[in-house]
Each structure stands twice: as structure tokens, then as C-alpha cells.
Amino acid sequence: MADRPDMPATPDLPRAPRGGAAGTAPAPATPEQGGPASGARRRFLNGIAGAAGSACLMGLGVGLYSRQARALPALALRPPGALAEADFLAACVRCGLCVRDCPYDTLKLAPLGDAAGVGAAGTPYFSARQVPCEMCEDIPCVKACPTGALDHGLTDINQARMGLAALVDHESCLNFLGLRCDVCYRVCPVIDQAITLEKMHNPRSDRHAMLLPTVHSDHCTGCGKCEKSCVLPEAAIKVFPLALAKGKLPEHYRKGWEEKEKAGGSLIGDQLQLPARGVDTPPASPIGGAGLPSAPSHPVVPSAPPGLGGER
Ligand code: SF4
Ligand code: SF4
Ligand code: SF4
């Protein structure tokens, strides 16, 4: 087929502009030569690359953030009645109604990032050292929650388990140094159940008692008032989420004393009564029976050696 006049003579030559006559005007620069089409295309491609890069970075950031949120243990305390952390995160819609209805400014919404140690922005938490939970009897935060992330079955605030207090620094606690402070003990709303003072010998003075603040997990609500009130610049008693505060026994362990109580008695039956032998049995009289000889009727006193008044 013959070449058309508006077509390049050879495939290597540039195409003439549409409608123009071949050879009458300088051929425009090809994209490879940096013409206007090249600029637009470069800008277009740059735009796509930029958008793709941003999306990748955002995806990477979100991925890292969510991985971090999953990996980090939550340090901040949840409101009373909060479900177990994974269920709570799934159920909480970050509406903030619990925060709004807290009368003591205890609850906050977690900011972006992990500054609060919560790992999930927008979820409610509180910091014991700043503003502890006042354990309101009517538990308004739970009532406000529309999703059940805060369990509406919690009607007695003493049953709340927001966390667990632990005396973390024996070396700084004034009571453990042998002084009397007791502030954490005295501010506890569940005094003498959630926290007691256990008397211990003070080996340093050897004559005074030390009263060790001791927390009992079956009554501590995790309200945080003890941590808030500790007189030290850094609290020696702190409240942690239960998952961080508690250890776990192996599944197969059984506590003998609990099993005994459940069974209503000892699991090993009565102790065997072994017969007493020998020394505890009174000796039989030599008259009419075998046994040890009876004591002499007068005491045997060793005599002094001869020459010192003794008998020969
Ligand atoms: S009221 Fe419930 S759903 Fe709303 S932020 Fe509080 S815990 Fe989450
Ligand atoms: S967190 Fe402290 S003050 Fe609150 S119940 Fe537990 S021991 Fe008592
Ligand atoms: S308030 Fe602090 S220093 Fe005082 S007894 Fe309690 S933990 Fe120890």
C-alpha cells in the first residue's frame, strides 16, 4: 500500500499533527523528546505514582498501627462493666456517651496514637493516678452504653473488676520500710476486704512490726483510689488491667484445701491411729508382771572418794 501524504514516510518518522500537511510545519516533539504530551503524561503518571505511594504509606501506617494496637497490652483501665478487651473493642462504637455521663470526669476517650496505652483511638479509659473511679452506686456510664460494651448486667459496683491493685515497690512503700502510712489502705472503698494490712516482723529493728498493704483480688474493684492517693512521688501501689496483673495456675492444679471444702471433708480420710510403743507405756510392777525394775526406796548418792570423807 502507498504511503498517504499525512502519514510518516517510514515508521521511524514522527506523525504529522491531525489535519496538517506533511512537510509544511515542523513536526512536534515526540513524548520521548519532551513535548507537551510528554509533560502531561509525566504529570499524569507522577500523579498516579504519588497517589499510589500515599495509599501504600497510608496502608502501611494503618497496618502498623492496627498491628501495634493488637500487639500492645492495654495499660489503661476500662470503665466498669467493660467486656474482655477483644470483645470490648469489637462492641464499642466510640460514641463517647459513657464519658459524657461520668459525673467525675474520670473517663476519657483515647487519642490517636498510643499515648494512653489503650491502642484503640476513641475508646473510653481512665488513668488511676489522675482521676480514679468514684464507684457511683447507680453506675451511669454503664447505663449510657448503647451497645453492651459496658455490661448492663453489672448493677452492683462492688462487683466491678476494672483492674487489680498490686503493691509493686516494696523498696519505696513507707509501710514496708517500717513507717506508718496506710493511706492506700484507708482510702479504699472496700477497706479490709480488697486491701488489708498484714503484720510482718521487722528484721531491721527486730522489735517493730511492718504492716504490708495486701490486695485481695476477689474484692478489689480496680477503682484506682489507692494508686491515686499513694503519698510517694511515684505510687508504690498501682492498678493494672486484670490481664496484666494476674498470673495463672496450670489447668491441672488442684488446691487441696478448696477440694476439701467442696467435698465437705478431708480427701484422704481419717488419720491412722498408730499404737504408742515403749516410753509412753507405764512400766508394769516387777511383782506380778514384767517391766522395768522399780525405783530404789532411797536415793543412790555417789559417795565421795576415799580420803575426802567417802566410805571405803
Ligand atoms: S458508651 Fe459504650 S459504646 Fe459508647 S464509648 Fe462508651 S463503652 Fe463505647
Ligand atoms: S483499686 Fe485500690 S482502692 Fe480500689 S478497691 Fe482495689 S485496693 Fe481498694
Ligand atoms: S500509700 Fe503508698 S507508701 Fe503509703 S502504705 Fe500505701 S503504697 Fe505504701
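Predicted model: local features only at pLDDT ≥ 70, side-chain atom pairs only at ≥ 80, totals over all residues.
Residues are numbered from 1 along each chain as its sequence is written, and chains are lettered from A and ligands numbered from 1 in the order in which they are written.

A residue is near a molecule if one of its heavy atoms lies within 4 Å of it. Around ligand 1 stand Phe88, Cys92, Val93, Cys95, Gly96, Cys98, Pro124, Cys145, Pro146, Thr147 and Leu150. Nine of these residues are nonpolar, two are polar and none is charged. Here Ala, Val, Leu, Ile, Met, Phe, Trp, Tyr, Cys and Pro count as nonpolar, Asp, Glu, Lys and Arg as charged, and the others, Gly among them, as polar. The shell of ligand 2 consists of Ala165, Cys188, Pro189, Ala194, Cys220, Thr221, Gly222, Cys223, Gly224, Cys226 and Val239. It holds eight nonpolar and three polar residues, with no charged residues. Ligand 3 has 14 residues around it, of which Cys173, Leu174, Cys181, Cys184 and Cys230 come nearest. Its shell comprises twelve nonpolar, one polar and one charged residue.

The structure contains zero disulfides (pairs of cysteine sulfur atoms within 2.5 Å). Cys95, from the shell of ligand 1, is partly exposed, with a relative accessible area of 40%. Cys188, from the shell of ligand 2, is buried at 12%. Buried means under 20% relative accessible area, exposed over 50%, and partly exposed in between (1.4 Å probe, protein chains only).

The second largest pocket has a volume of about 270 Å³. Of its 14 lining residues, Leu75, Ala76, Ser127, Ala128 and Glu227 are the closest to its centre. A pocket is an open set of points on a 1 Å grid over the protein atoms alone, where a 1.4 Å probe fits, with protein on both sides within 12 Å along at least five of seven lines; lining residues have an atom within 4 Å of a point. Volume is the space filled by probe spheres set on the points, which are joined across faces, edges and corners. Nine lining residues are nonpolar, two polar and three charged.

Helix 8 spans residues 256–263. Zero of its eight residues are buried, so the helix lies largely in the open. Helices (H or I, at least four residues) are DSSP runs numbered from the N terminus. Gly264 follows helix 8, with a positive phi near 75°.

Key
Heavy atoms only, no water. Helix = DSSP H or I, 4+ residues; strand = E, 2+ residues; numbered from the N terminus.
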